[in-house]
Amino acid sequence: MAEKRMAGALRSSIRDVALATAGPSEFGQAALRVVRTRIPFDRGCLATVDPATLMLTSATMIDVPESIGSGFATVAELEYGTSPYANTYGRLAHVPGGVQTIRDGIDGDVRNALPYGEILEPLGMDDEVRLLFRGRDDRVWGAGTLMRGAGNGFGDPEVRALAACAREIGEGLRLSLIRQAPLVMAEVSGGPAVVVVGGNDDVEWVTSRASEYLDRIGGDSCARMMPAVASAVRFRNSGVSVSTRARTADGEWLVLRAGRLDGRGSRGRVVVTLEPARPAQLVALVTELHRLTAREAEVLGHVLACETRTEIGQRMFISPYTVQDHLKSIYAKIGVNSRQELVAHLFYTHHLPHFGAPVGPDGWFTGEHRHVGRGPEANAP
């Protein structure tokens, strides 16, 4: 009975702070304080997650030293690297309730595990519980970690109470992203990234945002305009709206879309827009770059959603063995040897460079590219 009262009080209080706070950072701080009043902890973190890939996009911490926050590369390596302890949140997606202590999640002596040696022990902590937060749409919008010092582990009733209020936290995160969206978009838009290509394939007009993107692609003053001009030429030759992809010198993928601006026939002006690739486009990027088949691309999309071979097989109406055959082919084409290496490669190449930029209502970054360092898989093929 006491456990149910605790869970009910937590849900009610979290719904209150979800209505009273603005963005995800403010909500995260308030939600952690609410949880702490009922389930004490020494240090805590609540993060937003990109629902398409379950990869972290921002973090709000309470009583965690700044040195840990700035050392995100260590956290990223533990979460998305290739050690046996990696992909913690991905695994948690398959745990009922989405809540688990480190002792339940790791076989053997916890003190010999990397998460303990790299995170808990340096912070003077001895136990942690990890959580995934799903909204009412059943998509994962956040993740969290609560830590306690020696001799004060989390008990089963506390874990169950946390699982009972996880959906309120997930919905609160989702609503906070929506509520923050107008302000974020106003702050980071910087105007449209547009290039206008004339009838003779000469560049007539470039916005400052587009110029910044093209500068990052590199080349001299003429060559840097080639991706936009090439997109316009492809559009003229095909007669239908097309999109092309280009990679900047610092490793980010951009999507260029071309369409008719005015005039008739093949020599009218063409407008080309540039934007960072989003998660929905990530599979298309990897498919084109590594020449994946349509079936392999479909499997890759399910892998990024942290689905198991059995779940992928059920969705695609094929056997888990056929899924594994597709995975082996994907690994060979991308140059990795396992699912963990695949996720690590995609995280360090396409996701980590954005970390720290504002997050939009879809859970993906809206702000400028912000390189924060990469792990050892950054140079993987």
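Trainee: Is Ala-143 buried or exposed?

Mentor: This is a predicted model, in which local features need pLDDT of at least 70, side-chain atom pairs count only at pLDDT 80 or more, and totals for chains, interfaces and linings use all residues. Residues are numbered from 1 along each chain as its sequence is written, and side-chain values use heavy atoms, with hydrogens and water left out. Buried means under 20% relative accessible area, exposed over 50%, and partly exposed in between, with a 1.4 Å probe and protein chains only. Ala-143 has a relative accessible area of 1%, so Ala-143 is buried.

Trainee: In which strand is Ala-143 found, and which residues does Ala-143 touch?

Mentor: Helices (H or I, at least four residues) and strands (E, at least two) are DSSP runs numbered from the N terminus, and Ala-143 is found in strand S5, residues 140-148. Contact means heavy atoms within 4.5 Å. Not counting residues up to four places away in sequence, Ala-143 touches Cys-45, Leu-46, Ala-47, Val-49, Leu-56, Tyr-89, Leu-131, Leu-132 and Phe-133.

Trainee: Is Glu-168 buried or exposed?

Mentor: Glu-168 lies in helix H8, residues 156-188, and touches Arg-11, Ile-14, Arg-15 and Phe-27, not counting residues up to four places away in sequence. Because its relative accessibility is 18%, Glu-168 counts as buried.

Trainee: On which side or sides of H14 do Val-323, His-326, Leu-327, Ile-330, Tyr-331 and Ile-334 lie?

Mentor: In H14, Val-323, His-326, Leu-327, Ile-330, Tyr-331 and Ile-334 are buried. An α-helix has 3.6 residues a turn, so residues three or four places apart point the same way.

Trainee: Which residue in S10 is the bridge partner of Arg-257?

Mentor: Two strands pair if DSSP finds at least two bridges between them, and strand S9 (residues 253-260) pairs with S10 in the antiparallel sense over seven bridges. Strand S10 (residues 270-276) has an uncovered face made of Val-271, Thr-273 and Glu-275. The bridge partner of Arg-257 in S10 is Thr-273.

Trainee: Why is the pair of Phe-347 and Tyr-348 edge-to-face?

Mentor: Rings of Phe, Tyr and Trp (its six-membered ring) pair if their centres lie within 6.5 Å, and planes under 30 degrees apart count as stacked, over 60 as edge-to-face and the rest as tilted. By this rule the count comes to three aromatic pairs. The ring centres of Phe-347 and Tyr-348 are 5.3 Å apart and their planes stand at 80°, so the pair is edge-to-face.

Trainee: How far from the ring centre of Phe-154 is Arg-148?

Mentor: A charge sits over a ring if NZ of Lys or CZ of Arg is within 6 Å of the ring centre and within 35 degrees of the ring normal. Arg-148 lies over the face of Phe-154, and its distance from the ring centre is 4.1 Å.
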